Amino acid sequence: MDFKLSTSPIDRDRLLISVEGELDLSTADQVERSAGQAISARCPLLLDLSGCSFIDSTGLRPVLKIREALAKAAGPDAPMAVVASSEIRKFFSITAIDQSVHVFTTRDEALASLRARMSTPRNGESASPPDDHLARSAEG
């Protein structure tokens, strides 16, 4: 399967990165670079690996580096969610990546998690109402 990477806004302040094909040494840097927009803007990120047919340890590196960079830029509760197939979720579990990265079965679950974490007040901030546009935008 050929590697395909797409990056698109979910709405005005959330980013979706979708990966299809193999996430390994030859493609990991592309995924990491594509997350730069979310990191610099400190915006929530949904990494969709549901179309990823293979991932190895070098493919895990960008996931962890993106999570670390978002946490550094936006704080430890920086909203990031990953959607992955059962095989990839199992790999995340075996390597304990799922202890630091929120991993979901479907995009809808991941979006709901991002919405919930964005509406939870942090450090005295006021909560913002959930954005139903988020789910509608990502479904299309």
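**Figure 1. Strand β4 (residues 80-84) is mostly covered, with five of its five residues buried.** Here "buried" means under 20% relative accessible area, "exposed" means over 50%, and "partly exposed" is anything in between, using a 1.4 Å probe and protein chains only. Helices (H or I, at least four residues) and strands (E, at least two) are DSSP runs, numbered from the N terminus. Which residues cover the two faces of β4? M80, V82 and A84 sit on one side, A81 and V83 sit on the other, and all are buried. As you explore, keep in mind that this is a predicted model, where local features need pLDDT of at least 70, side-chain atom pairs count only at pLDDT 80 or more, and totals for chains, interfaces and linings use all residues. Residues are numbered from 1 along each chain as its sequence is written, and side-chain values use heavy atoms, with hydrogens and water left out.

**Figure 2. Strand β4 pairs with β3 and with β5.** Two strands pair if DSSP finds at least two bridges between them. β3 and β4 run parallel and are joined by five bridges; look for L49, which stands opposite A84 in β4. On to β5 (residues 102-104): β4 pairs with this strand in the parallel sense over three bridges, and V83 stands opposite F104 in β5. From β4 the chain crosses through helix α4 (residues 86-94) to β5, and this β-α-β crossover is right-handed. That word applies if, with the strands pointing away from the viewer, the path from the first strand over the helix to the second runs clockwise. Another right-handed β-α-β unit is made by β3, α3 and β4.

**Figure 3. D48 and R107 meet in a salt bridge through their side chains (2.5 Å, N to O).** D48 belongs to strand β3 (residues 45-55) and R107 to helix α5 (residues 107-119), so this pair ties together parts that are 59 residues apart in sequence. A salt bridge is a side-chain nitrogen of Lys or Arg within 4 Å of a carboxyl oxygen of Asp or Glu. By this rule the count comes to four salt bridges. Are D48 and R107 buried or partly exposed? D48 is buried, at 6% relative accessible area, whereas R107 is partly exposed, at 24%.

**Figure 4. Salt bridges that share partners join D29, E32, R61 and K65 into one network.** Start with R61 and D29, whose side chains meet in a salt bridge (3.2 Å, N to O). R61 lies in helix α3 (residues 57-74) and D29 in helix α1 (residues 28-34), so the pair links parts 32 residues apart in sequence. R61 is partly exposed, with a relative accessible area of 30%, and D29 is partly exposed too, at 38%. Next, find E32 and K65: their closest N and O atoms are 3.3 Å apart in a salt bridge. E32 lies in helix α1 and K65 in helix α3, so this pair ties together parts that are 33 residues apart in sequence. E32 counts as partly exposed at 22%, as does K65 at 40%.

**Figure 5. T27 lies in the loop between β2 (14-23) and α1.** Its relative accessibility is 6%, so T27 counts as buried. What does the side chain of T27 reach? The side chain of T27 comes to 2.9 Å from the backbone oxygen of E22. Leaving aside residues up to four places away in sequence, T27 touches F3 and E22, where contact means heavy atoms within 4.5 Å.

Key
A polar contact is a pair of N or O atoms within 3.5 Å; within protein, one must be able to donate a hydrogen and the other to accept it, and residues adjacent in sequence count only if both atoms are side-chain atoms.
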